[in-house]
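Hi everyone, thanks for having me.

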Amino acid sequence: MRAETQDKRYIAAINKTQPASLPPFSISTFPLSPYKEKLRENLHQMASSTLRLSSSSSCSRQIDAVIHVPKLPKVIPYFSIPKIPTTKPVEELNLRDGFKRIVPVEKISTAPIHDKSPNSDATAATTQLYAILEAVADRVEMHANIGKQRENWNTLLLNSVNMITLTAATMAGAAAIGGAGMPLLALKLSSTLLYSAATGMLLVMNKIQPSQLAEEQRNATRLFKQIQTQIQTMMALGSPSKEDVKSVMEKVLAADKAYPLPLLGAMLDKFPATFEPSVWWPSNQQIQKKNKSSEGKQRGQKNNGWSEEIEVEMREIVEVVKRKDIEDYERLGNLVLKINKVLAIAGPLLTGIAAVGSAFVGNGSWAAVVAVAAGALGSAVNAFEHGGQVGMVFEMYRNCAGFFQLLQESIETTLEERDLEKRENGELFEMNVALKLGRSLSQLRELARKSASSRMDGTAIDEFASKLF
């Protein structure tokens with residue numbers, strides 16, 4: 001009885017010190033009798049600590065104390081958990097011990113978030129560049145595969161046409177030697193049919209020029225790999241802009257137009273009237289020119305790596321490129337174009353004459369001579385045209401002339417920009433030009449000095465701008 005009275009006194013002391021939001025503490029909460037003695041001892045210790053704190057508060061106005069409560073035995077409490085006003089019960093979980101608890105889940109706002117930070121435009125541009133990068137990688141794979149396919153076309157068609165032509169010539173010769181009656185007719189008919197088939201195949205082969213088609217796809221593969229590298233460098237250097245996305249899109253579309261994939265309807269003309277360089281870059285936009293006062297002010301000072309010496313040097317390089325490299329490739333391109341036209345006409349013409357001559361074998365000695373000789377010449381012309389890949393050489397000259405034309409336009413466009421801050425860094429631009437021409441910076445400056453001195457003397461410079469090709 002005395003112990004119960006002390007327990008009630010200790011419990012009352014504990015209830016005075018705990019917050020009002022918690023329910024009153026009672027020993028009846030623990031119905032398990034084996035733990036009452038242990039609980040009573042813990043209550044005595046807690047009450048003693050509480051009484052000591054309350055007695056010491058009379059000596060000091062404010063004392064901060066930490067009560068270390070002894071560890072209670074593992075007893076399943078039946079306390080009610082107070083509700084948190086900022087949460088909302090949404091789900092009940094059935095636990096293994098048979099009772100239910102309400103699990104509060106914080107309310108999550110689903111309102112859309114509008115990012116108006118300056119980095120949002122850069123993030124959108126980066127996402128678009130990644131999409132373009134995937135498309136460019138797919139184009140690289142497509143052009144590489146189609147290039148291999150068209151290279152196989154050139155090899156297979158060349159071997160097939162030559163074998164057909166030589167077989168037809170052999171049959172025509174055999175018919176002229178000693179054929180008579182039905183054997184003669186069979187040899188003549190077989191030779192004529194083979195020559196006719198070779199003529200038709202040569203007409204198609206000379207029209208599409210498989211070696212030139214393969215070179216187009218190789219150039220397209222290299223170009224799209226270059227665009228792919230430019231996109232990766234652009235994203236690695238910093239946050240891209242919408243102008244960068246637009247510029248890359250124009251480059252991709254211009255490359256698609258310069259090197260089409262299909263043959264029907266979009267194939268490039270293999271025999272144009274005149275030689276024209278390949279153009280795989282977008283057309284230059286209008287450049288806003290500054291007034292003369294600001295122009296003179298900017299030219300009088302070194303800014304963004306540019307100086308008067310670098311501008312004069314770039315102008316001299318452009319003159320050398322126009323007078324030597326571009327003119328030379330245009331001359332060679334027109335020469336190869338004429339040779340290719342002659343060969344493309346001569347091959348089918350000779351096999352057609354051989355087909356007509358083989359039809360009259362046996363009626364005279366000259367018919368057999370024409371059939372065999374024309375067939376042999378046709379096979380030789382076909383081997384020189386497609387075995388020597390004259391179409392590929394023509395496309396290579398077109399690509400080289402386009403390279404120098406692009407270099408010329410890029411230098412002229414850069415020099416026409418009067419705002420030096422909008423230009424590419426002058427020293428970096430000079431280094432890029434030197435690398436494209438296969439020269440060092442000292443060799444590039446020496447070439448500019450030679451060009452200037454030759455123009456002053458009225459003589460032609462005897463050196464090409466490029467040392468690569």
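I'll talk about salt bridges, and then about one aspartate in a loop. Keep in mind that this is a predicted model.

Let's begin with some background. Side chains of opposite charge can pair when their charged atoms come close. How many salt bridges does the structure hold? There are 14.

One of them joins Glu151 and Arg218, with 3.5 Å from N to O. What I like here is that the pair links distant parts of the chain: Glu151 sits in helix H3 and Arg218 in helix H5, 67 residues apart. Glu151 is partly exposed, at 23% relative accessibility, and Arg218 is partly exposed too, at 37%.

Arg218 also forms a salt bridge with Glu215, where the closest N and O atoms are 2.9 Å apart. These two are three residues apart in helix H5, so about one helical turn separates them. Is Glu215 buried or exposed? It counts as buried, because its relative accessibility is 11%, and the cut-off for buried is under 20%.

Next, helix H8. Glu319 and Lys322 both lie there, three residues apart, and they form a salt bridge at 3.7 Å. Glu319 is partly exposed, with 27% relative accessibility.

Last stop: Asp269, in the loop between helix H6 and helix H7. Asp269 is exposed, at 52% relative accessible area. Its side chain reaches the backbone nitrogen of Phe271 at 3.2 Å. Along the chain, Asp269 and Ile208 are 61 residues apart, and their C-alpha atoms are separated by 8.8 Å.

Key. Residues are numbered from 1 along each chain as its sequence is written. This is a predicted model: local features need pLDDT of at least 70, side-chain atom pairs count only at pLDDT 80 or more; totals for chains, interfaces and linings use all residues. Side-chain values use heavy atoms; hydrogens and water are left out. Helices (H or I, at least four residues) and strands (E, at least two) are DSSP runs, numbered from the N terminus. Buried means under 20% relative accessible area, exposed over 50%, partly exposed in between (1.4 Å probe, protein chains only). A polar contact is a pair of N or O atoms within 3.5 Å; within protein, one must be able to donate a hydrogen and the other to accept it, and residues adjacent in sequence count only if both atoms are side-chain atoms. A salt bridge is a side-chain nitrogen of Lys or Arg within 4 Å of a carboxyl oxygen of Asp or Glu.
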